[in-house]
Amino acid sequence: MLQGAIGCSGGIPGRGQDWLDASKPLAQQWLARAGELNFQFQARQRPQANNKGHIPTTMEWARKLSKDDIKILRGEAPYGEKVPDVDEGFTQADMKDPQRAAAIEKVIRARLAKCQKERPIGYLVREAPAEDVRNLNQLLGHVQDGLFITKFRKIFARDEMNDDLSIIPARYNGAEDNSEYEEMLPSSPP
């Protein structure tokens, strides 16, 4: 998924590229291991069960929590942002006068530049029911700054239920995967 994100977004946000670079020598080994397990991976498709009925675990998204996230849980910061209206105050009629139109275009370009400087990767535009946002404070004490929230998808076969599930950071050659993602990676339907 990280390799696929390079072409789609012009780069990987956070430190995902560092992880890809460090783990590159092992990528073929991982793909060979997936082949041994008879796992098939297709872009934008949920993996199918292999001949033993095992389905590989997929990570749909992960995010390292920051102090700003904890402020949202406490109700000290907004859940989402509104994108500024760079056209505010101007109408189509204003654009009919060539001199006025040139001045308006200059103002709009300045507003856009300010927005891009303040939020180089964009505004956090999201909505949720007010009650759900208020209930986020129930997570306080369970989540902390610096920890990760991760969504995995796994359907266990009966013979996979004998061991405990352990989640550890991916490491290779002294490099730990500390990737951070501010947006959801492409995921399969629920």
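I started with Arg 33, which counts as partly exposed at 48% relative accessibility. I kept in mind that this model is predicted.

**Entry: helix H2**

I looked for the partner of Arg 33. Its side chain meets that of Glu 36 in a salt bridge, at 3.4 Å from N to O. I placed both residues in helix H2, which covers residues 16–36. They sit three residues apart, about one turn of the helix. Glu 36 is exposed, with a relative accessible area of 60%. The cut-off for exposed is over 50%, so Arg 33 at 48% stays partly exposed.

**Entry: helix H5**

Next I looked up Glu 131. I found a salt bridge with Arg 134, and the closest N and O atoms are 2.7 Å apart. Both belong to helix H5, residues 130–134. They are three residues apart there, so about one helical turn separates them. I read Glu 131 as partly exposed at 44%. Arg 134 counts as exposed at 52%.

I then checked Glu 160. It forms a salt bridge with Lys 154, with 3.1 Å between the closest N and O atoms. Glu 160 is partly exposed at 23% relative accessibility. Lys 154 is partly exposed, also at 23%. I noted a network too: salt bridges with shared partners join Glu 60, Lys 151 and Arg 153. For the whole structure, I recorded nine salt bridges.

**Entry: Thr 58**

Is Thr 58 buried or exposed? I found it buried, at 16% relative accessible area. Thr 58 lies in strand E1, residues 58–64. Leaving out residues up to four places away in sequence, it touches Pro 47, Lys 151, Phe 152 and Arg 153.

Notes
Residues numbered from 1 in each chain as written. Predicted model: local features only at pLDDT ≥ 70, side-chain atom pairs only at ≥ 80, totals over all residues. Heavy atoms only, no water. Helix = DSSP H or I, 4+ residues; strand = E, 2+ residues; numbered from the N terminus. Buried < 20%, exposed > 50% of the residue type's maximum accessible area, 1.4 Å probe, protein only. Contact = heavy atoms within 4.5 Å. Salt bridge = Lys/Arg side-chain N within 4 Å of Asp/Glu carboxyl O.
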